[in-house]
Amino acid sequence: MLRTTSKPALPAKLLGALAALLLACVAPWLLSPYDLNLLARFLALSLTAMGLVLLWGEGGVLSLGQGVFFGIGGYALAMHLKLADLGPTELPDFMVWSGVTALPWWWAIFKSPVVAVAAVFIVAPIVAALFAWAIFRRRIGGVYFALITQALALAFATLLVSQQGKTGGFNGLTDYHTLFGFNLNRPATVLGLYYLTVLFVAAGAGGLLWLLGGRFGKMLRASRDGSNRLRFLGYDPAPYKVLAFTVAALLTSVSGALFTLHAGVVSPALVGVVPSIEMVIWVAIGGRESVAGAIIGALLVNFAKDKISTALPELWLYGLGLLFILVVTVLPRGIAGLFAEIAERRAEARKPASSSSQKETGQ
Amino acid sequence: MSAPLLELANVTVDFDGFKAINDLSLTIPAGSMTVVIGPNGAGKSTMCDAIIGRVRPSAGRVLLRGEEIQGAAEHAVVGKGICRKFQTPGVLVALSVIDNLIIAATTDRRWWKSLTRRPDEAAQARAEEILALVGLEGRRDALAGNLSHGEKQWLEIGMVVATDAELLLLDEPTAGMGAAESTQTAEIVKGLVGKHAVLVIDHDIDFVAQLGGRVVVLHQGQLLREGTLAEVRADAEVAAIYLGRA
């Protein structure tokens, strides 16, 4: 139904997506190993950004606590990686340092790679669904919701730091070498994991576009702009927001697990309040109503962060703040919105005055 | 004899001691047209709120086909067959006109149905019908947010009709409209009577006259008079509190 208006733009978008995919596939031959590792990390992060497009851009629900789900995915996989390096009776190094003598049962089950991977895909969505259901059923939204999620991120990071003997504390979990029997330092493994990440990003983007292109996308936008109207048309708007929050949590958890693989570390510094806000900034800059914008935003901001903070470490946060203010005031729809506007203007210029003639119906 | 479509039986709505509706009784037969008038603060909108489940009466009963519905959740009341249009247009701005109508016309409103790709043929056909009914064919694919104020009002009337509710509550459907638009709105609303029972709230006496039908005058939360517009207009008490200035 809606396609009639967007039909001419579709092939161009499809071509753009294919070109981006092709570029991602040949990137290992174009980039240095260091830059390829960065690209892999930031592509992993773009899954988090996509989750925010669904939740914030389309659903109007701002979450400042996505770091929690990022952390759940990252820690779930890192726990397995940590145990995979050890003999049957050995304990992870940080447990030994903290005087822990026996592996807690909820650590032990992560010895199984199946449990770890299942946890990445299942735990965060379940937590998210229960949390969102409890909140949205009570019609809590807007800034209150943002504050609750921010508190959640703070509590989660604090918990991780305080439980040194079980979580690795402030340093988190790091120093692991094998995944499913593959040596993580071998170039072939690195390349394989890079392509796995590209695959997840492509699948995530495709799945999200499918979800948003159908009736669910329309209902989600409707619940964003007119919860009350929807209610008085006989719909309960809460389930749409709950599902958006749950899917976003799934994407963010996978994002955290992939990032942990590429970065070789997961720690409270990646899951707390500040990183959670940074995630929102990527999306604001890239364009919160566009899946492509989310990927662009995550890549652009993080590459800029890497380059600028290496050269001028103190300057980065100011630069990020400035960029954020600039985007919010000048480009409310982000970089993707800029492109959309250019496309709209071109389309407008091509067919002058044809749309205004339709308007005279009533008078 | 079967129960009337809607019956308010001694309904009182109390806002911390202020009785916005005070012991009000009213029946609305199926397929009828009822126009509610009254000065500001007479309790017209509160009466709608009580019917639709937005406020809970502190006393009295709201009966739909003899079944008590006071206290039910808003979306549940809609499922039973009452739909309301608010004073300010409440269209879904990010969706096209036709999508607004399709959402309203969809009868299976369970959330997981939104995950299927199969279009709801019945809802689409009904949406196209309503589109013609409210005269918005030329704006079919426009975003609802880009409509003029009058067009938004018509779209929302269309959405309320599209739910196929037996009772339609239209709260000031001509708010912000010019004379020509009002006349067109009156034609649309008159066309609904018979299939639906319509309850209209409005201030504009010209519009009320165009609608015809039974007029109910509310004053200070109570029913003051009931009758044709001419009868009500001839009433000295009504003239004193309300129509005198018109």
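Predicted model: local features only at pLDDT ≥ 70, side-chain atom pairs only at ≥ 80, totals over all residues.

Me: What makes E1(B) and E2(B) a hairpin?

Reply: E1(B) and E2(B) pair in the antiparallel sense over 7 bridges, and 2 residues lie between them. In the turn, Asp16(B) has a positive phi of about 50°. Phe15(B) has Phe18(B) in E2(B) as its bridge partner.

Me: Why is strand E3 of chain B called largely enclosed?

Reply: Strand E3 (residues 33-37) of chain B has 5 residues, and 5 of the 5 are buried, so the rest of the structure largely encloses the strand. Met33(B), Val35(B) and Ile37(B) point one way, Thr34(B) and Val36(B) point the other way, and all are buried.

Me: Which strands does E3(B) run parallel to?

Reply: One is strand E8 (residues 197-201) of chain B, joined to E3(B) by 4 bridges, with Thr34(B) opposite Leu199(B). Another is strand E9 (residues 214-219) of chain B, also joined by 4 bridges, with Ile37(B) opposite Val217(B).

Me: How do you know whether Ala197(B) is buried or exposed?

Reply: A residue is called buried if 20 or more other C-beta atoms lie within 10 Å of its own. Ala197(B) has 24 other C-beta atoms within 10 Å, so it is buried. Ala197(B) belongs to strand E8 of chain B. Leaving out residues up to four places away in sequence, it touches several residues, among them Leu5(B), Ile28(B), Gly31(B) and Glu166(B). Ala197(B) and Leu168(B) are 29 residues apart in sequence, yet their C-alpha atoms are 6.3 Å apart in space.

Me: What makes chain B as compact as a globular protein of its length?

Reply: For 246 residues the globule rule gives 18 Å, and the radius of gyration of chain B is 18 Å, so the chain is as compact as a globular protein of that length. Chain B has 9 helices and 10 strands, and 46% of its residues are buried. Along the principal axes, its C-alpha atoms fill a box of roughly 55 × 40 × 40 Å.

Me: How does chain A do against the radius of gyration of a compact globule?

Reply: With 363 residues, a compact globule would have a radius of gyration near 21 Å; chain A has 22 Å, which agrees. Its C-alpha trace spans about 85 × 50 × 40 Å along the principal axes. Chain A contains 17 helices and 4 strands, and buried residues make up 41% of the chain.

Me: How do you know what span to expect for helix H10 of chain A?

Reply: The expected span is 1.5 Å times one less than the number of residues. Helix H10 (residues 187-213) of chain A has 27 residues and reaches 39 Å from its first C-alpha to its last, close to the expected 39 Å. Its buried residues include Tyr194(A), Val201(A) and Leu208(A).

Me: What makes up the contact between the chains?

Reply: The contact takes 33 residues from chain B and 27 residues from chain A. Elements that give two or more residues to the chain B side include helix H2 (74-80), strand E6 (82-85) and helix H5 (149-162) of chain B. By class, that side has 14 nonpolar, 10 polar and 9 charged residues.

Notes. Residues numbered from 1 in each chain as written. Chains lettered and ligands numbered in written order. Contact = placed C-beta atoms within 7 Å. Nonpolar A, V, L, I, M, F, W, Y, C, P; charged D, E, K, R; others polar. Rg over C-alpha atoms; globule rule 2.2 N^0.38 Å. Buried ≥ 20, exposed ≤ 12 C-beta atoms within 10 Å, placed from the backbone. Pairing = 2+ DSSP bridges.
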